[in-house]
Amino acid sequence: MNYPSVLIVEGDALTSEYIGLILKYYGVKVTGIARTLKDAMDIFSKGETDLIICDINLNADWTGIDFVRTAKKMKPIHVIFLSGSSDEKIFKKALQTHPD
């Protein structure tokens, strides 16, 4: 099966590593695991990513939503957001990026 190349953007080390392990177990190419937005931009800029799995809240000046908006300006990209939040305002803001 031909899987997309995935960039994981998640501030929590345990969560990001766990997601990466699961994806790799099933043969998915993980282009990188970023815990900061700078790292995410550096990895994404290499152009090898087909799908971003991104936490919405990254405890930074930028949110995961901001990162996805910027990434989508660079190239068309598929996105799956992760969040532990149930805030409807955040959910609606994330939906404005047209995630998959």
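1. Leu-95 lies in helix 4, residues 88-95. Helices here are DSSP runs of H or I with at least four residues, strands are E runs with at least two, and both are numbered from the N terminus. Leu-95 is partly exposed, with a relative accessible area of 43%. Buried means under 20%, exposed over 50%, and partly exposed in between (1.4 Å probe, protein chains only). Leu-95 is 30 residues from Ile-65 in sequence and 9.1 Å from it in space, C-alpha to C-alpha.

2. A note on the basis. This is a predicted model: local features need pLDDT of at least 70, side-chain atom pairs count only at pLDDT 80 or more, and totals for chains, interfaces and linings use all residues. Residues are numbered from 1 along each chain as its sequence is written, and side-chain values use heavy atoms, leaving out hydrogens and water.

3. The largest nonpolar core has 20 residues. A nonpolar core is a set of buried Ala, Val, Leu, Ile, Met, Phe, Trp, Tyr and Cys residues joined through side-chain atoms within 4.5 Å. Leu-7, Val-9, Phe-44, Ile-52, Cys-54, Phe-67 and Phe-81 touch the most other members. Strand 1 (6-9), helix 2 (37-45), strand 3 (51-55), helix 3 (64-74) and strand 4 (78-82) each supply at least two of its residues. Helix 2 gives the most, with 5.

4. Consider Phe-81. Not counting residues up to four places away in sequence, Phe-81 touches Cys-54, Ile-56, Gly-64, Ile-65, Val-68, Ala-94, Thr-97 and Pro-99. Contact means heavy atoms within 4.5 Å.

5. A second, separate core has 8 residues, including Val-6, Ile-19, Val-30 and Ile-53.

6. Ile-22 is found in helix 1, residues 13-25. Ile-22 is partly exposed, at 34% relative accessible area.
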